[in-house]
Structures are given as structure tokens and as C-alpha cells.
Amino acid sequence: MTIKISLISLGCARNLVDSEIILGTLKKSGYKISDSPAGADIAIVNTCSFIEDAKRESIDVILDLIELKNRNKLKYILVAGCLPQRYGEELRGELEEVDGFVGVDAVKVLPALIKRLAKGRKSDIILHEPRYLYNDRSPRLGITPKHYAYVKISEGCSHRCSFCIIPAIRGRHRSRTVGSVIRESQSLIRRGAKEINVIGQDTSVYGKDIYGRWALAGLLRKLARIKGANWIRLLYGHPEHFTDELISVISGEGNICKYVDLPVQHINARVLKAMGRPASPGCIRELIYKIRKRIPGVVLRTSVIVGFPGESDKEFGELLDFIREIRFERLGAFTYSMEEGTRAALLRDQVPESAKRSRRDELMAQQREISAQNNMKMIGREMDVLIDEPCHGLKAGDRGMFLGRTYMDAPEVDGNVFVKGAGIKTGDMVKARIVDGYEYDLVAEKVQRRK
């Protein structure tokens, strides 16, 4: 009898790619993929443990699976990814109902582990130094809609930010070859992808380890030449390595989204130094103003951390002033999460949780106002909108409404465009006129072209 396997993917887009490779590998190995863990033989949860909230979500999902197993609706549970990579020993002792733990190199070892389970043998496989790097020949079963896909160009990170545990979990930075990335992207586009989202822990250092030089600009130029690539979107850059050549390529290639994802984390000099972020406040500002000048219509996305150890009211105020100055089109704010194994966890003057939350709320209230003002300026513009899905649960008068995105919005993390019009379907690229704006979303009507 064919073994049925269900997979739950948690965390970021980089984890999602891992999950798609896992599913593809298992399907190629002859296993049946089930949409729901209830009734499956094996449930795999691909976990995240980057910050406290992610760890909590992972544990909650594992406990839900244990409940299914206790009710005889599931035979085996496998926990994969970042959580066991980081906490393997502790998890073994606390979650006895779990039948196996696999680290971030799960793709290589899961088939063997599942064979052991089928023989009634529990097993854990967690490699101390992750080495796995998928390529264009790796089987892949898509989780995202067919019209967009993520392509992970590298794995791991060699930075040593004091607050971040990723290098300890994912290992050192290692790049795929240009040829492998191009071939995978071509394959995804042939299968219907109109948008390729280029991701990694730090995409801007791509190629340095295998070519001895920054190679991201050249890679993007080649991706832009692929027939049928409507949008190429670059995510997860780093201010320290965002080169003039890279800016020129984003500016000059018509199908590369004028969208720059540049996590700055903070702007105060002392805080940046304590975070282990080498770019100075002056360099960050200079880079941002250069990007604004050289890439017309650019949308800037960033992420910041509030409540880092020792952050004073004055330093937080400096961050607020900076955000008012730059007026980022897209911004995510996180409260500092004290992660064991990081240098920042050992720092004195940890900020109380209540103060962290208060600062985040104040910052996001300011950003909502900035975003709403930016969106109101969009009214009247005609823009290409990639349709993601129909709006569900709407009243009768609003039927025929779809959710989509312009080049200004990455999947899952940014806002949406509510589009109304005839003859729209998921995956279409439609021309639409913006007619209204909210804090994070836009409203548009499909432009009906005269015949």
C-alpha cells in the first residue's frame, strides 16, 4: 500500500522552497502526497525557529499533530527544519510522541528516514554543519500558485549580526551556480510562472564564494533575458553589498521590478554597531538616496528592530525620525527577540517586553500614516496588476472582485490591489486604474480597452 504523506510548511519563503523540494523528492520516491495530515500515514512539519514567535508557532503545530496521532488519525510525525537543527537534543526529551527529527538538510535524508519508520524504527538525522544546496535537477512540487515562484539562489549566511541565529542554523553562505538558477527559472516560467522572486538569506553577496566576486547583477541581467519572465523581483538585500552595478541593472532592465528590499534594522550608530551591522548611518542614507535617484519609481521595503538591548528613548526617536525622512513604501517592524546562542542575548540593559511592544506600535502607527498617504497618491494611475486569487466571502454587489499585486508588492508580505472587472482570472496580468487607497491596499478597476 502506498504511504500517504502530508507536509505543513512554516516560516518564510526560503523555508517554503525547502518544503517544495521535500514534496517533490517524496513524490518522485513514490509516496502519495496528502493535503491534510488527518488520515495521512506520516505528517511532516517543516519548522522555523528564527525568533520566539516562530518557535511558538512550530511547537503549537507539533502539539496539534500529536493530538491527531493520539486520536489514531495519524500514524507518524516527523519534525524537520530549523527547530530540530537548533534544539534537537531538547526536543527528543520533551516530545516523545514525535517519531523523528530532521535538520535543515532534510531533503537528503527524509526518504531514508521514512523507510526506517515503515519498519517501525524511530530515527533522527541532524547534521552538525548543514551542506545541502538544491539545484535545477532537484524535484520540486509547487505550493504557491503557478503564476509566481521563489528561486533560492543561495543558502546560509556568513554575516555575524549579534541578534541573529541564522548562521548557526543554516551554516555559512553558499551560492548556486548561475546556470542552475537560470535553468530552474526557465523551467518555472515554462510551467506558468510570470513572476520570479529571487531569494536567499543575503542575496546581495551571491556568487562571492564560488566566483570570487559579486555576481548578483550579472545573474539578474541573465534572468531578465528569459522569454516569458514578466517580473523579476529581488528580495533580501543587504546595505553593505548593494553595489552601483546592481542599481544600474535594476534600473535598466524593464522586467526587473523597481522594488528594493533593503533591511536596515536601525539607524542609530551605537545600536547598529552593537547589532554587528557594518554600514554606518551615513552610508545607509547615501545608498537610499542614490537608489531613489537612479531607479525612477522605485519602491523601498525595509525591516527594523525595536527594543534592541540598551535602545534608549532617544535612539528610538532617531529611528522614528529616519522613517519619517525616508518614507519607505513598505516596512516591517519587529520587537527584538532575545535568542540564546547570539551575542546580543548576553548584553545588559535588555528592554522590557512592554516597552518593545509600545515602540513597535508607535512606529507602525506612523508607518500606516505614511503608507496611506503614499497610496492616495496612486489614485488615477494605470498599472499592471498580477491577479493572485478571487476575493471570497463578498456580498453580492462585490462579486467579480479579485486580489492582485502591482510591481510594488511582493507575495505574502506586502499589500494587495482589489481589482474589479469582467473576464479576470487567477494568473492574469491586467491593466487597471487605481480608484481608491487604504493604509496598505489599493482598489482598482480593470481598464477595458476599445476594440
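This is a predicted model: local features need pLDDT of at least 70, side-chain atom pairs count only at pLDDT 80 or more; totals for chains, interfaces and linings use all residues.
Q: What makes the pairing of Arg 405 and Glu 195 a salt bridge?
A: Their side chains meet with N and O 2.7 Å apart. The cut-off for an Arg nitrogen and a Glu carboxyl oxygen is within 4 Å, so the pair counts. It links distant parts of the chain, with Arg 405 in strand E15 and Glu 195 in strand E9, 210 residues apart.

Q: How do you know whether Arg 405 and Glu 195 are buried or exposed?
A: Look at the relative accessible area: Arg 405 has 1% and Glu 195 has 0%. Buried means under 20%, so Arg 405 is buried and Glu 195 is buried too.

Q: Why is the contact between Arg 86 and Glu 340 called a salt bridge?
A: The closest N and O atoms are 3.7 Å apart. Since the limit is within 4 Å, that distance qualifies. Arg 86 sits in helix H3, while Glu 340 lies in the loop between strand E13 and helix H13, 254 residues away.

Q: What do the accessibility values say about Arg 86 and Glu 340?
A: Arg 86 comes out at 15%, so it counts as buried, the cut-off being under 20%. Glu 340 has 42%. Partly exposed is what lies between buried (under 20%) and exposed (over 50%), so Glu 340 counts as partly exposed.

Q: What makes Arg 301 and Asp 414 a salt bridge, and which parts of the chain does the pair link?
A: Their side chains meet at 2.8 Å, N to O, and the rule asks for within 4 Å, so it is a salt bridge.

Q: Which residues do salt bridges with shared partners join into one network?
A: The members are Glu 52, Asp 53, Lys 55, Arg 56, Arg 86, Glu 339 and Glu 340. As for the total, the structure holds 37 salt bridges.

Q: How do you know whether Asp 409 is buried or exposed?
A: Its relative accessibility is 2%. Under 20% means buried, so Asp 409 counts as buried. You'll find Asp 409 in the loop between E15 and E16.

Q: What makes the link between Asp 409 and Arg 330 a polar contact?
A: The side chains are joined at 2.8 Å, and the distance limit is within 3.5 Å. Leaving out residues up to four places away in sequence, Asp 409 touches Arg 233, Tyr 259, Arg 330, Asp 414 and Gly 415.

Q: What about H6 and H8: parallel or antiparallel?
A: Their axes come within 10 Å and cross at roughly 30 degrees. The cut-off is under 35 degrees, so H6 is roughly parallel to H8. Among the residues in contact are Val 178 and Ile 182 of H6 and Leu 219 of H8. H6 passes H8 in a right-handed crossing.

How values were computed. Residues are numbered from 1 along each chain as its sequence is written. Side-chain values use heavy atoms; hydrogens and water are left out. Helices (H or I, at least four residues) and strands (E, at least two) are DSSP runs, numbered from the N terminus. Buried means under 20% relative accessible area, exposed over 50%, partly exposed in between (1.4 Å probe, protein chains only). A polar contact is a pair of N or O atoms within 3.5 Å; within protein, one must be able to donate a hydrogen and the other to accept it, and residues adjacent in sequence count only if both atoms are side-chain atoms. Contact means heavy atoms within 4.5 Å. Axes are lines fitted to C-alpha atoms, for helices over the stretch in contact, and angles run from 0 to 180 degrees between N-to-C directions. Angles under 35 degrees count as roughly parallel, over 145 as roughly antiparallel, 65 to 115 as roughly perpendicular and the rest as oblique. A crossing is left-handed if the near helix is turned anticlockwise from the far one by less than a right angle, and right-handed if clockwise.
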